[in-house]
Protein chains: 2
Amino acid sequence: MSTVEIRKPYLLLIGDMENPVNAKTAFGLRDWAPEACMGQLRFSKNAVDLKLPEMSPREAALAGAKTLIVGIAPQGGQLPESWHPVLTQALEAGLDLAAGLHQRLRDIPVLATVARQHGRAIHDVRHSDAKFSVGNGQRRSGKRLLTVGTDCALGKKYTALALARALNERGRAADFRATGQTGILISGRGVAIDAVVADFIAGAAESLSPAAAPDHWDIIEGQGSLLHPAYAGVSLGLLHGSQPDALVLCHDPLRKTLNGFANVPVVPPQEAMPHYLAAARLTNPRVRFVGVALNTAAVEPRAAEALLARTAAETGLPCVDPIRTGVAPIVDILESL
Amino acid sequence: MSTVEIRKPYLLLIGDMENPVNAKTAFGLRDWAPEACMGQLRFSKNAVDLKLPEMSPREAALAGAKTLIVGIAPQGGQLPESWHPVLTQALEAGLDLAAGLHQRLRDIPVLATVARQHGRAIHDVRHSDAKFSVGNGQRRSGKRLLTVGTDCALGKKYTALALARALNERGRAADFRATGQTGILISGRGVAIDAVVADFIAGAAESLSPAAAPDHWDIIEGQGSLLHPAYAGVSLGLLHGSQPDALVLCHDPLRKTLNGFANVPVVPPQEAMPHYLAAARLTNPRVRFVGVALNTAAVEPRAAEALLARTAAETGLPCVDPIRTGVAPIVDILESL
């Protein structure tokens with residue numbers, strides 16, 4: 001039983017990446033873990049600029065950084081060989097390495113060798129070498145919220161981060177629990193749940209949010225969708241193992257079909273909810289929805305307001321866009337539970 | 001994309017195992033793949049006797065055997081070192097090795113080395129090294145039946161084997177599709193679905209029952225239960241990827257709580273069915289239940305008859321015990337679909 005633990009603070013490696021779309025992880029880290037982002041390392045002035053201090057691996061290590069994060073997605077998923085020397089220098093300077101790439105850094109022989117020589121860790125957070133137990137279904141103390149969705153990639157991580165931050169700002173004990181690579185880099189720990197062996201999905205989810213104080217909230221990043229033909233197994237195991245007291249449904253009102261599955265319609269929130277409740281009751285009979293998070297990024301403000309109002313009416317729940325409106329109405333409910 | 005393929009016929013290794021309970025795989029092979037079981041290899045007269053010809057690895061290879069199967073579950077899950085020489089002899093005689101043990105045969109250095117020298121395969125069917133794609137949700141031609149359950153270990157494999165055999169006996173094109181280690185050894189192929197990385201459960205299930213002739217039946221061995229707090233993710237991914245036209249619910253009428261989960265009640269068949277149908281419709285809107293398979297092994301004949309009649313009345317479906325009554329009423333329905 002173990003989850004990833006990555007030592008903060010970080011030096012963010014941008015290299016020569018000029019396309020901000022390929023630097024989403026770096027931006028996510030800067031926005032959600034600013035206290036952990038000590039500096040950036042760029043190879044050229046044209047590279048993406050996070051407005052962090054420019055540092056070499058040695059400078060960052062001297063300033064107290066613990067881990068160099070590969071904050072970009074290289075073309076084709078493979079790190080260019082020309083980047084190996086800077087990663088080697090980081091290990092030699094005393095930094096661990098962490099990346100959310102398809103390619104494993106630890107499969108690059110020179111990095112594996114130098115890491116071993118210097119006693120440094122390499123975290124390939126998209127992969128999971130951790131050993132988990134099968135789920136046991138035992139109730140744990142503490143409160144848990146899971147963000148779920150009508151599809152992939154529509155705001156489950158962002159919503160969970162916003163809820164955890166808002167609870168903390170109100171002085172409540174709350175932890176964001178990461179289940180995907182970007183979330184793991186942001187919080188410095190977690191489980192890449194879709195990389196776990198199938199038999200252990202629920203067990204891994206159980207270990208991700210262990211027993212806690214009765215009024216502590218774990219805010220768990222959801223993955224996939226129960227209504228997704230490829231990923232529902234992951235979503236269900238995560239749902240059962242998380243034993244959520246509260247669910248927030250994340251939805252993109254403009255999406256007509258699942259991302260990449262043109263033949264599978266996205267159902268409206270009120271149709272998705274009964275599926276989640278029926279499944280979640282197996283491990284927590286008191287589960288309830290506490291809100292809906294719409295992703296209205298592509299909609300004009302007036303239209304977004306109307307969408308939020310309509311969804312609130314259709315579901316009978318507070319309906320927010322975490323970016324436009326914040327998540328206060330949902331946090332109000334959590335404080336009453 | 002690949003599934004295990006094990007070359008038949010087999011030599012079954014019993015060794016010195018005297019307890020029939022630890023030789024379930026060997027008995028399953030003898031009962032369900034008799035044409036593939038060429039002989040047995042025992043170290044003593046007190047060992048479990050399958051009533052097969054006694055053969056050494058060399059004799060079996062000369063007679064045409066292709067694979068030595070470790071047909072027993074050793075105490076503690078580890079093969080005694082004293083068994084290594086006979087496995088080495090089998091590789092040298094030209095046999096592949098296959099086992100469904102927790103311990104990987106290929107992790108035993110002497111076996112890995114000798115297998116490489118002689119170009120032989122080692123199949124650790126409980127583990128999965130196969131690479132799969134994520135599910136695509138595309139409909140495939142051919143018909144599919146999946147056995148599902150109210151719990152683990154109550155007859156899903158046996159029911160699927162009985163259905164496939166009965167269809168074949170009626171001259172219908174049908175294949176048993178194995179998803180667990182014993183089933184894989186029986187059929188010589190399949191996917192240990194619970195050993196697949198979580199992201200690929202549905203994709204692995206899709207590859208297990210590929211497009212086939214329109215009147216061909218794939219009879220797919222179910223795993224776990226949608227209502228199981230540890231394994232439901234596996235069950236759901238297998239359900240979605242299998243896209244079943246027909247479901248058979250397997251149930252043990254005497255089991256009050258899930259095997260090993262004293263706090264989780266087993267629900268009756270008519271309560272489990274709606275969960276399965278709601279989930280299965282995502283990838284096959286025409287899915288239906290075609291029968292119930294009760295495991296009445298622990299009940300007197302008169303009481304078993306009453307249980308079957310009551311369950312048939314409660315579900316409105318043919319209700320059989322595959323061992324006591326056979327599966328003819330369910331096969332009748334399949335022939336009409």
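A residue counts as buried if 20 or more other C-beta atoms lie within 10 Å of its own C-beta atom. The model described here is a predicted one.

By that test, the buried residues of α7(A) are A:Ile201, A:Ala202, A:Gly203, A:Ala204, A:Ala205, A:Glu206 and A:Leu208. That makes seven of the eight residues in α7(A), so the rest of the structure largely encloses this helix. What do the buried residues of α7(A) pack against? In chain A they meet β8 (174-177), β9 (189-190), β10 (217-220) and α8. They also pack against α8 (232-242) of chain B.

## Chain A as a whole

Chain A has eleven helices and 15 strands. Its radius of gyration is 20 Å. The globule rule also gives 20 Å for 337 residues, so chain A is as compact as a globular protein of that length. The C-alpha trace spans about 55 × 45 × 45 Å along its principal axes.

Of the 337 residues of chain A, 54% count as buried. Now take the contacts in chain A with a separation of 6 or more. Residues 24 or more positions apart account for 75% of them.

## Two copies and their interface

The same surface serves both copies, since 100% of the contact residues of chain A recur in chain B.

At the interface, 29 residues of chain A are in contact with 29 residues of chain B. On the chain A side, the elements that give two or more residues are α7 (201-208), α8 (232-242), β13 (261-265) and α9 (269-280). Helix α8(A) gives the most, with six residues. By class, this side of chain A has 18 nonpolar, nine polar and two charged residues.

Helix α9(A) has twelve residues. At 1.5 Å a residue they should span 16 Å, and the end C-alpha atoms are 16 Å apart, which agrees.

Which residues of α9(A) are buried? They are A:Pro269, A:Ala272, A:Met273, A:His275, A:Tyr276, A:Ala279 and A:Ala280. These residues cover an arc of only 165° around the axis, which puts them on the same side of α9(A). An α-helix has 3.6 residues a turn, so residues three or four places apart point the same way. The face turned away from the buried side of α9(A) carries the exposed residues A:Glu271 and A:Pro274.

## A buried leucine

A:Leu334 lies in helix α11 (residues 328-336) of chain A. Is A:Leu334 buried or exposed? It is buried, because 23 other C-beta atoms lie within 10 Å, and the cut-off for buried is 20 or more.

Leaving out residues up to four places away in sequence, A:Leu334 touches A:Leu145, A:Leu167, A:Trp217, A:Ala246 and A:Val290. Take A:Val290 from that list. A:Leu334 and A:Val290 are 44 residues apart in sequence, but 7.6 Å apart in space, C-alpha to C-alpha.

## Backbone details in the loops

A cis peptide bond joins A:Lys8 and A:Pro9, with omega about 0°. A:Pro9 lies in the loop between β1 (4-5) and β2 (10-15) of chain A. Chain B has a cis peptide bond between B:Lys8 and B:Pro9, again with omega about 0°. B:Pro9 lies in the loop between β1 (4-5) and β2 (10-15) of chain B.

Next come two positive phi angles. A:Lys51 is not a glycine, yet its phi is positive, at about 60°. A:Lys51 is in the loop between β3 (37-42) and α2 (57-62) of chain A. A:Lys51 is exposed, with 6 other C-beta atoms within 10 Å. A:Ala153, also a residue other than glycine, has a positive phi near 55°. A:Ala153 lies in the loop between β7 and α5 (156-169) of chain A. A:Ala153 is partly exposed, with 15 other C-beta atoms within 10 Å.

Technical notes
Residues are numbered from 1 along each chain as its sequence is written. Chains are lettered from A and ligands numbered from 1 in the order in which they are written. This is a predicted model: local features need pLDDT of at least 70, side-chain atom pairs count only at pLDDT 80 or more; totals for chains, interfaces and linings use all residues. Two residues are in contact if their C-beta atoms, placed from the backbone, lie within 7 Å. Helices (H or I, at least four residues) and strands (E, at least two) are DSSP runs, numbered from the N terminus. Ala, Val, Leu, Ile, Met, Phe, Trp, Tyr, Cys and Pro count as nonpolar, Asp, Glu, Lys and Arg as charged, and the others, Gly among them, as polar. The radius of gyration is taken over C-alpha atoms; the globule rule is 2.2 Å times the number of residues to the power 0.38. A residue is buried if 20 or more other C-beta atoms lie within 10 Å of its own, exposed if 12 or fewer, and partly exposed in between; C-beta atoms are placed from the backbone. The expected span of a helix is 1.5 Å times one less than its number of residues. The arc is that of the directions from the helix axis to the C-beta atoms.
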